[in-house]
Amino acid sequence: MYDYRIAATVFSCLATVAYLGEVILSKARPGEVAGYMATAPGLMKVCQTFVACVIFILVSNPVSYKEYPPLQWCMAVYCICFILSMAVVVMCVGECTGCLPISFPKFLSGYGLLAVAMYVSATILWPLYQFDDQYGGKGSGSTNEIAVAVLTGLNLLLYLADLAYSAKLVFISV
């Protein structure tokens with residue numbers, strides 16, 4: 001059973017590296033207009049969803065979070081942000097960004113603000129309720145729980161960078 005997980009992780013990493021290479025090559029062509037997915041925010045969306053997938057693999061055991069509502073909130077944060085990021089990726093690939101009732105950059109800024117706020121709460125709550133004895137934590141924490149805490153912080157940084165870029169598009173006109 002672990003062989004499948006290892007193979008899936010390896011191929012997912014290879015696909016991510018291939019995508020990064022494609023983005024780098026497509027941005028290197030002067031004079032050519034690249035789509036949203038070949039830009040830094042598009043790449044960040046892919047990275048955010050990849051990190052969320054790794055988090056899902058690490059917390060595949062519900063026992064680690066089912067007893068505490070704050071940890072369930074963290075799982076909701078991971079799921080909601082993953083679904084919304086995937087929706088943005090699908091809208092961009094399907095060229096459906098014009099179907100939104102508001103402009104796409106405003107949508108991205110609003111979603112980015114929501115995601116940052118949610119990830120700030122998860123970045124605080126996950127370690128607090130996993131590692132602090134006062135809140136029912138086990139004290140030491142398993143490798144998976146530590147990795148989830150680190151990946152939650154990484155995703156927060158990705159969402160912050162994405163929000164900054166999206167806000168720059170909306171609020172700073174050249």
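Q: What should I know about the model before reading it?

A: It's a predicted model: local features need pLDDT of at least 70, side-chain atom pairs count only at pLDDT 80 or more, and totals for chains, interfaces and linings use all residues. Residues are numbered from 1 along each chain as its sequence is written, and side-chain values use heavy atoms, with hydrogens and water left out.

Q: How many helices and strands does the protein have?

A: Helices (H or I, at least four residues) and strands (E, at least two) are DSSP runs, numbered from the N terminus. Here you get 5 helices and 0 strands, so the pattern along the sequence reads α-α-α-α-α. Residues 108–126, for instance, are 100% helix, with end C-alpha atoms 26 Å apart.

Q: What percentage of the residues count as buried?

A: Buried means under 20% relative accessible area (1.4 Å probe, protein chains only). Of the 174 residues, 35% qualify.

Q: Which residues have the most contacts inside the largest nonpolar core?

A: A nonpolar core is a set of buried Ala, Val, Leu, Ile, Met, Phe, Trp, Tyr and Cys residues joined through side-chain atoms within 4.5 Å. The largest one has 25 residues, and Ile55, Tyr78, Cys81, Tyr119, Trp126 and Tyr159 have the most contacts inside it. H2 (40–58), H3 (69–93), H4 (104–131) and H5 (143–171) each supply at least two of its residues, and H4 gives the most, with 8.

Q: Which residues does Cys81 touch?

A: Contact means heavy atoms within 4.5 Å. Leaving out residues up to four places away in sequence, Cys81 touches Tyr111, Ala115, Met118, Tyr119 and Tyr159.

Terms used
Buried means under 20% relative accessible area, exposed over 50%, partly exposed in between (1.4 Å probe, protein chains only).
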